[in-house]
Amino acid sequence: MQRKDTREVVMGKLVIGGQNPVYVEGMGRQNPYQVELAIQEINRAQAAGCEIFRLSIPEKDALEGAKKIKEWTKIPLIADVHFDLDLATECVRLGFEAVRINPGTLGDRSRLEELFSVLQDHNTVLRVGANAGSLPTHLRSLPRVEALFESIAEMVDFAEKKGVRNLFLSAKSTEVEETVEINRRLSKAFPYPIHIGVTEAGEGLEGVVKSALGIGLVLFEGIGNSIRVSLTSRDPVLEVKVAWMILNFLGLRKRGGEIISCPTCARCRGDVVGAVERVKTFFEEQGIAPPFRIAIMGCEVNGPGEAREAEVGLAFSRSGAIIFSKGRVEKVVSDREVLEYFIAFLAEKIKSVEGKKGGSSFEDVSSVCPNFERNSSGS
Ligand code: SF4
């Protein structure tokens, strides 16, 4: 995938834009008043892979907490400010790596000059983040994509005239098609890095699918320098996990592994669903994500092929199941012992990957199970 080049901006240790990685952003639910809860939330998100964190600063009284949170947080923080530009200016002074202002909720525009001046003094990034739900009044009669684009263009023009070039753009819609269209336009019109997201994507599966489509389609065009998945949830961890899955499945970043499993059909020779559930429970209990690719397959059609491609594989067969390790047969096990053995084997393999233990035994599949033929038809 050819990624579009942009200018680079620096946020803490991260350089965003150019050909640098697409970073994962998370957003807090806690009010900065609740310093301890807010820091715990950031730490949880960071442990899940969050690389940039956006913190809402709803009012002046939140600044004291924001200051403490900034002191305790290692990843770059973006202060998210609406209606009161002086809050953004204060957050720049507190050392936030970026401030986000929304062209539709600026409040007293005369305060922009001071913000721009302080931004330049501190070399802080300005996220210009427009949202279809809070468009500037004078643009609301336009089609949404047009209004989003114009709201960003006006602010970029004003910032550039004042000498502000540390810009990071974002325009979000609730619709997949609009998300693709607005980001294409931003990418074509401006040299600045772009943050991608589908705003208010919803809850659960609906939000995950919508976000994956909107963000994924834009990234697939080579556009985007950071992403955030916006889900209705009490915690940002799920958003961060989904963001990483999007990046992993597009081949843009690599974090952890995945579980490949077949849907099962009339040919299925074992409890694939139960095996996948058991493996997922195992990782949940361990408090870790699968660190490598694991395949769990129902029969001899695609089973050995997929299992061979994975670090660890399980392919059910007529007489039980074959456990694979790095493409080679580790063991043939009976129905009754398959899950117990597979989980124990996974645990050992994780230790081995962590450098605590050596490899595993090897036999060629055909010598163990002559009925298995690789990839004879698709599922
Ligand atoms: S691998 Fe394919 S053919 Fe075999 S059980 Fe799974 S879905 Fe069916």
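A cavity is a set of points, on a 1 Å grid over the protein atoms alone, where a 1.4 Å probe fits but cannot get out, and its lining residues have an atom within 4 Å of a point. Grid points are joined across faces, edges and corners, and a volume is the space filled by probe spheres set on the points. The model is predicted: local features need pLDDT of at least 70 and side-chain atom pairs count only at pLDDT 80 or more, while totals for chains, interfaces and linings use all residues. Residues are numbered from 1 along each chain as its sequence is written, and side-chain values use heavy atoms, with hydrogens and water left out.

The count is 1 cavity of 30 Å³ or more. The largest cavity holds about 40 Å³ of space. Its lining consists of Lys4, Thr6, Ser187, Ile194, Gly222, Ile223, Gly224 and Asn225. By class these are 2 nonpolar, 5 polar and 1 charged residues, with Gly counted as polar.

Next come the cores. A nonpolar core is a set of buried Ala, Val, Leu, Ile, Met, Phe, Trp, Tyr and Cys residues joined through side-chain atoms within 4.5 Å; buried means under 20% relative accessible area (1.4 Å probe, protein chains only). The largest such core has 74 residues, and Ile57 and Leu115 have the most contacts inside it. Helix 5 (residues 144-161) gives the most to this core, with 9 residues. Helices here are DSSP runs of H or I with at least four residues, strands are runs of E with at least two, and both are numbered from the N terminus. Another core, of 26 residues, lies apart from the largest one and includes Ala275, Phe283, Val333 and Phe342.

Leu115 touches (heavy atoms within 4.5 Å) Leu85, Ala88, Thr89, Val92, Val99 and Ile101, not counting residues up to four places away in sequence. In helix 3 (residues 85-93), the buried residues are Leu85, Leu87, Ala88, Thr89, Cys91 and Val92. Their cover includes helix 2 (63-72), strand 5 (77-81), strand 6 (98-101) and helix 4 (112-122). Asp84 caps the N-terminal end of helix 3, with a side-chain oxygen 3.1 Å from the backbone nitrogen of Asp86. After helix 3 comes Gly95, whose phi is positive, near 100°.

Where is arginine 228 placed? Arg228 is in the loop between strand 10 (226-227) and helix 8 (237-249). Arg228 is buried, with a relative accessible area of 5%. Residues that Arg228 touches include Glu25, Arg54, Lys172, His195 and Glu239.

Notes:
On a 1 Å grid over the protein atoms alone, a cavity is a set of points where a 1.4 Å probe fits but cannot get out, and a pocket is an open set with protein on both sides within 12 Å along at least five of seven lines; lining residues have an atom within 4 Å of a point. Buried means under 20% relative accessible area, exposed over 50%, partly exposed in between (1.4 Å probe, protein chains only). A polar contact is a pair of N or O atoms within 3.5 Å; within protein, one must be able to donate a hydrogen and the other to accept it, and residues adjacent in sequence count only if both atoms are side-chain atoms.
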